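The following paragraphs guide a reader through a structure seen for the first time. They begin with a single chain and then turn to its neighbours, the core and the charged pairs.

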Amino acid sequence: MIFAATMRKAFSEAWAKRSSFWFQVGVMVANDLFFVAFWFLFFNEVESVRGWDVERTLLLLAMLATVSGAALGLFANARWLGQTISDGGMDAALALPANPLTYLLGRSVDPSMLGDLVFGPLLFVALGDLSVERVALFVLGSAVGTVVFVSFLVLLASLTFFVGGRGEHAELGFQAILMLSSYPPDIFAGATKLVLFTVVPAAFVSGLPTRLVDEFSPALASSMVGVAALFAVGAYAAFGAGVRRYRSGSAWTGA
Amino acid sequence: MSAYAAGAVAGFRRLVASPGEMVARACFYGVIVGVLSSLWRAAADATGGSIVGYDVAAITWYIVFSEASVNGTKFRMIEHIGTEIGSGAFAVEMLRPVRAVTFRMAGELGDGVVRLGAMVGVGTLFGTLIAGPPPRLETYVLAIVSALLAISCNIAAQHAFAAMAFWQHEAKGAWFLYQKLVFVLGGMLLPLQIFPAWLESAAWASPFWTMSYAPARLAAGFAEPWLLLGQAAWLVVLYGAAVAAFAAGERHLQEVGA
Amino acid sequence: MAVVEAVGLVKTFRTGRGRSARTVEAVAGIGFSVEAGERLAYIGPNGAGKSTSIKILTGILHPDEGSAQVLGLVPWEQRRRLALEIGTLFGQRSQLWLELPARESLSLLGAIYRLGKDRTERRIAELGELLEASDLFDTPVRHLSLGQRMRCELAASLLHEPQVLFLDEPTIGLDLVAKQRFRDLVVRLNEETGTTLFLTSHDVSDIEQVARRVIVINHGRLIYDDKVSVMRRSLLRTKLLEVRFDDRVDDLAVEGAEVVKGSGTGYKLRVDTDRRPIRHVLDDLLDRYHVADISVLDPPLEDVITEIYEARP
């Protein structure tokens with residue numbers, strides 16, 4: 001399978017520059033620990049905020065770390081897809097006997113984000129209250145979050161096929177979803193909260209997966225999976241439409 | 001006009017000529033203010049309307065200025081300085097008849113004035129929309145002066161940190177560490193009053209509070225003008241540190257080649 | 001009066017750390033002097049010690065041994081004062097601020113060099129004329145072509161009317177026309193204002209057309225110091241012949257000529273004209289073979305310089 005092969009290659013590339021690899025992993029872990037410290041200080045003063053106490057918020061952090069570690073660590077190229085498209089990287093991808101989207105997504109691994117992928121689950125375990133059910137829900141939740149995250153990035157990148165640019169909007173969208181996923185979604189009021197469920201689906205990246213672990217309900221689980229599937233299909237379709245446009249020669253990829 | 005003043009003006013003009021990245025940053029700043037103020041307001045609600053002495057309006061304006069002050073300096077400045085030192089571009093600056101590090105800082109200050117202006121503009125708009133006008137007009141004005149001192153202290157400190165590039169050829173690690181120090185010890189994300197005693201002492205003993213907490217505290221409505229004196233004092237120290245660090249770096253170049 | 005006096009300069013660097021630490025002798029005893037108004041090419045292979053010796057002369061580095069004076073000042077002791085009297089132009093690093101029009105960079109430099117507003121404006125006008133660049137000064141530098149940018153860089157390095165101008169790879173990346181224009185400008189500058197030129201370049205035409213004197217550095221030592229014309233003359237004894245024959249020729253042999261390369265119908269020959277006049281070689285060739293075409297060439301200066309590098313230790 002080409003996807004696995006490109007992943008393997010990406011891993012060995014990153015592993016070859018070992019000291020840089022460990023440094024970046026260390027930086028990410030330190031970053032996460034910093035956030036843990038932040039939440040401890042915050043909740044030192046206030047018991048809970050709109051139903052979120054320190055444990056649940058740290059669970060949110062664990063979920064976000066796992067999701068971003070998986071999404072940006074394993075599919076690192078997703079973040080730069082818009083730029084790849086505008087730089088003409090599609091030509092190389094289209095010349096290969098593989099699905100261009102899966103090839104481009106699997107092409108590189110970001111070691112610093114893998115630090116998150118380790119930290120997230122570790123934090124989850126450290127929070128205690130482990131049970132087979134919770135672990136399974138954590139895995140399901142992070143899977144949903146990862147699918148939504150990567151799909152969102154692909155959707156943003158696909159815009160480049162239609163409106164050009166160098167993928168700056170994709171970078172802004174990335175920063176926005178990351179920022180919005182870092183805080184309990186219930187702190188936001190009506191309109192903003194709506195955004196989190198739609199335009200910038202941060203709720204599906206961290207908020208809802210966290211609720212899934214704490215307050216499982218089959219309805220919640222199935223609707224989350226449904227939404228994730230919807231995002232994935234939408235991203236695949238949007239990218240495909242973009243590629244068709246690109247191949248027809250009418251896409252503007254002005255650099 | 002002195003060379004350094006001219007450098008500051010040039011920094012100002014350069015950013016005005018090419019403001020794209022700053023505009024993106026200002027949008028990002030707007031989102032951060034929205035998110036963080038929502039968080040703190042929810043917190044204040046949960047604790048009966050005020051948290052560690054800040055009511056909803058005060059904490060909103062705190063965030064507006066704490067974030068504006070930090071975003072009023074170029075993102076990853078330490079890394080950029082490090083790259084220029086590591087690549088040898090800095091050696092060219094040593095050929096000019098001015099103190100290179102001071103000239104650089106002057107340029108960053110000119111740049112920072114534009115940046116800070118943009119952030120404070122956006123922030124004042126957002127703050128007023130979210131929580132009404134600033135709690136006290138006098139302290140708001142002081143906050144603006146304090147914010148200028150804040151970015152000056154920030155710029156000087158970043159140059160001192162970035163000097164490690166003379167030895168390491170780059171300064172990525174320094175930037176990362178610095179950012180976190182400002183976020184926490186500087187009171188950008190959390191007012192210092194929320195810290196346990198030992199952490200609060202550490203924060204006061206370090207220079208980072210000058211870069212974010214001081215203007216934020218004033219904007220929140222607390223009449224503490226002595227903060228400005230503290231900032232000015234730290235500015236002198238930090239400037240000296242930057243000059244000394246660069247001088248040490250230049251001496252190091254003598255041994256290993258520029 | 002000598003504008004540059006260097007005697008026995010030595011500079012050693014420490015590289016690596018711990019067990020792999022080494023000392024590198026970048027400059028191992030270089031000395032020369034340069035008179036006012038000279039046009040000097042200062043050349044050598046990469047790692048020869050050129051940049052290091054220039055950094056010593058401009059005050060960025062101080063030598064471990066030896067002495068130097070530039071315009072009567074000790075560079076590393078009076079760096080900022082010296083900076084007011086010398087100009088530098090780097091082909092690979094810009095002195096201009098790219099987002100701004102050149103005019104604003106020049107105004108800023110005017111403030112840095114303490115020229116005062118009036119003198120700065122006057123100089124900008126003068127340089128605009130001298131360098132045929134007045135129409136370029138109001139465009140943001142990043143929108144200029146490389147050739148146009150280099151003319152603005154030249155203006156920047158000359159704004160404060162320096163007595164000595166150090167040029168480091170100034171024509172790198174320029175197209176032929178721009179190179180030629182640049183060379184003409186600096187020569188004219190030297191002839192009209194007497195500015196001493198100190199040029200480093202890998203481009204042999206830069207050396208041939210701009211410099212009158214050439215110093216060759218290798219392994220931290222000075223291995224050649226003479227007029228460009230002398231350097232050229234010493235290789236005029238060697239000529240190259242490019243010959244094309246009507247019919248295929250195997251085992252080409254002509255007295256006094258050495259086959260450099262070729263076979264079949266095309267050959268390149270080298271002739272030492274001290275041993276045999278080129279006329280006789282040509283006569284032989286034309287008599288004995290059916291020659292379709294023949295050219296007589298000077299060997300490139302490059303070859304000579306390489307020879308110099310390789311000849312001395």
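Predicted model: local features only at pLDDT ≥ 70, side-chain atom pairs only at ≥ 80, totals over all residues.

Chain C contains 10 helices and 12 strands. Along its principal axes, the C-alpha atoms of chain C fill a box of roughly 75 × 55 × 40 Å. Of the 313 residues in chain C, 51% are buried. Among the contacts in this chain with a separation of 6 or more, 67% join residues 24 or more positions apart.

One part of chain C that may be followed in detail is an open sheet of three strands, which has the order E11-E10-E12 and antiparallel pairing. Strand E11 (257–272) and strand E12 (291–297) of chain C have a single partner strand each and stand at the edges, so one side of each is left without a neighbour in the sheet. From one strand to the next, the twist averages 20°. In general, the strands of a sheet pair through backbone hydrogen bonds, in either a parallel or an antiparallel manner. Here, strand E10 (residues 238–249) of chain C is paired with E12(C) in the antiparallel sense over six bridges. Within E12(C), Val296(C) is the residue that stands opposite Leu241(C). Helix H9 (residues 278–288) of chain C packs on this sheet and touches E10, E11 and E12 of chain C. The direction of helix H9 of chain C makes about 5° with that of E10(C).

The next topic is how the chains meet. Two pairs of chains touch, and the most contacts are between chains B and C. Chain A and chain C, by contrast, do not touch, and their nearest C-alpha atoms are 16 Å apart. The contact between chains B and C draws on 32 residues from chain B and 29 residues from chain C. Between them, chain B and chain C bury about 2,700 Å², of which 59% is on carbon and sulfur atoms. On the chain B side, Leu95(B), Pro97(B) and Gln254(B) lose the most area to chain C, together 28% of what that side buries. Four salt bridges are found across the interface of chain B and chain C.

The nonpolar interior comes next. In soluble globular proteins, nonpolar side chains tend to be buried together. The largest nonpolar core in this model has 193 residues, and Trp39(A), Phe42(A), Phe239(A) and Phe32(C) touch the most other members. Helix H2 (residues 20–46) of chain B contributes the largest share of this core, 13 residues. Another core, of 45 residues, lies apart from it and includes Ala6(B), Ala102(C), Ile112(C) and Leu127(C). Leaving aside residues up to four places away in sequence, Trp39(A) touches Val54(A), Thr57(A), Leu58(A), Leu61(A), Ser182(A), Tyr183(A), Pro184(A) and, in chain B, Leu39(B).

Charged side chains complete the account. Side chains of opposite charge can pair when their charged atoms come close. Over all chains, 39 salt bridges are found. One of them links Asp111(B) to Arg115(B), with the closest N and O atoms 2.8 Å apart. Because Asp111(B) and Arg115(B) are four residues apart in helix H6 (residues 100–131) of chain B, about one helical turn separates them. Both Asp111(B) and Arg115(B) are buried.

A further salt bridge joins Arg79(C) and Glu250(B), whose closest N and O atoms are 3.8 Å apart. This pair crosses between chains, running from helix H2 (residues 79–83) of chain C, which holds Arg79(C), to helix H12 (residues 226–256) of chain B, which holds Glu250(B). Arg79(C) counts as buried because its relative accessibility is 18%, and Glu250(B) likewise counts as buried, at 17%.

Within chain C, the side chains of Arg103(C) and Asp138(C) meet in a salt bridge at 2.7 Å, N to O. Arg103(C) lies in helix H3 (residues 102–112) of chain C, and Asp138(C) in the loop between helix H4 (117–130) and helix H5 (146–158) of chain C, so the pair ties together parts that are 35 residues apart in sequence. Arg103(C) has a relative accessible area of 33% and is therefore partly exposed. In chain A, a network of salt bridges links Arg56(A), Asp129(A), Arg134(A), Asp214(A) and Glu215(A).

Terms used: Residues numbered from 1 in each chain as written. Chains lettered and ligands numbered in written order. Heavy atoms only, no water. Core = buried A, V, L, I, M, F, W, Y, C linked by side-chain atoms within 4.5 Å. Buried < 20%, exposed > 50% of the residue type's maximum accessible area, 1.4 Å probe, protein only. Helix = DSSP H or I, 4+ residues; strand = E, 2+ residues; numbered from the N terminus. Contact = heavy atoms within 4.5 Å. Pairing = 2+ DSSP bridges. Axes fitted to C-alpha atoms, helices over the stretch in contact; angles between N-to-C directions. Buried area = accessible area lost by both parts, 1.4 Å probe.
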